[in-house]
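Here is a short briefing for a first look at this structure. Keep the view open while you read.

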Amino acid sequence: MFIRFVTTGGTIDKIYFDAVSQFEVGESPIANILAEGLVSFDYDVVAMFQKDSLEITDEDRRTLREFIENDDASSYVVTHGTDTMVDTARELASIKGKTIVLTGALSPARFKTTDAVFNVGMAVGAVQSLEPGVYVAMNGQVFREGEVAKNRSENRFEKTAEATPEN
């Protein structure tokens with residue numbers, strides 16, 4: 001099993017700058033999460049962007065899609081900010097023959113209490129188990145692209161009303 005991890009930034013990658021009392025996207029902790037998890041599969045980490053998801057543009061999404069389409073791997077975990085993760089999943093939906101799971105975190109991976117490690121673990125399990133397609137792994141669930149939305153008031157991802165039981 002080989003998984004290519006593609007990092008795009010978002011809260012999962014944020015670091016705190018005490019001098020200015022703000023968070024900014026920094027170097028991704030994904031390699032550390034995988035090393036600490038003692039994973040036994042082959043992988044690499046490709047840093048695509050270091051952006052808050054609200055700053056990811058349609059051109060960035062096309063760049064990500066083109067990278068995955070032209071890359072030789074078949075399994076991908078894409079770390080992404082949660083605010084526009086669903087938009088990026090939609091852009092990737094046209095890719096055929098590859099399993100792509102987007103995940104992120106609602107609090108930075110560097111925090112003592114974070115959902116990042118759990119979400120990355122869910123994404124790793126999902127990408128190894130699912131048929132080709134695009135999915136979102138957040139909040140202990142895996143959603144198909146087109147059947148998920150972020151509920152901002154509850155700060156979680158949920159299955160959308162448009163989703164049908166057979167999907």
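This is a predicted model. Start with D60, which counts as buried because its relative accessibility is 11%, below the 20% cut-off. Its charged partner is K51: the two form a salt bridge, with the closest N and O atoms 2.6 Å apart. K51 counts as partly exposed, at 24% relative accessibility.

**Salt bridges**

- The count comes to 12 salt bridges.
- D44 and R4 form one of them, with 2.8 Å between the closest N and O atoms. This pair links distant parts of the chain. D44 sits in strand β4 (residues 42–51) and R4 in strand β1 (residues 2–9), 40 residues apart.
- R4 counts as buried, at 10% relative accessibility. D44 is partly exposed, with a relative accessible area of 27%.
- R156 and E158 also meet through their side chains, at 2.7 Å from N to O. R156 is partly exposed, at 36% relative accessible area. E158 is partly exposed too, at 26%.
- Shared partners join R4, D44, D71 and D72 into one salt-bridge network.

**The sheet**

- Six strands make an open sheet: 6 strands in the order β4-β1-β5-β6-β7-β8, with mixed pairing.
- The edges belong to β4 and β8 (141–144). Each has a single partner strand, so one side of each is left without a neighbour in the sheet.
- From one strand to the next, the twist averages 20°.
- Strand β5 (residues 75–79) runs parallel to β6, and 5 bridges join them. Y76 stands opposite I100 in β6.

**Helices on the sheet**

- Helix α3 packs on the sheet and touches β6 and β7. The direction of α3 makes about 170° with that of β6.
- Helix α4 (residues 116–129) packs on the sheet as well, touching β1, β5, β6, β7 and β8. The direction of α4 also makes about 170° with that of β6.

**The buried face of α3**

- Helix α3 spans residues 85–92. Within this helix, M85, V86, T88, A89 and L92 are buried.
- Seen down the axis of α3, these buried residues fall within an arc of 160°, so they line one face of the helix.
- What covers them? The cover includes helix α2 (58–70). It also includes the strands β6 (99–103), β7 (133–138), β9 (148–151) and β10 (156–159).

Notes
Residues are numbered from 1 along each chain as its sequence is written. This is a predicted model: local features need pLDDT of at least 70, side-chain atom pairs count only at pLDDT 80 or more; totals for chains, interfaces and linings use all residues. Side-chain values use heavy atoms; hydrogens and water are left out. A salt bridge is a side-chain nitrogen of Lys or Arg within 4 Å of a carboxyl oxygen of Asp or Glu. Helices (H or I, at least four residues) and strands (E, at least two) are DSSP runs, numbered from the N terminus. Buried means under 20% relative accessible area, exposed over 50%, partly exposed in between (1.4 Å probe, protein chains only). The arc is that of the directions from the helix axis to the C-beta atoms. Contact means heavy atoms within 4.5 Å. Two strands pair if DSSP finds at least two bridges between them. Axes are lines fitted to C-alpha atoms, for helices over the stretch in contact, and angles run from 0 to 180 degrees between N-to-C directions.
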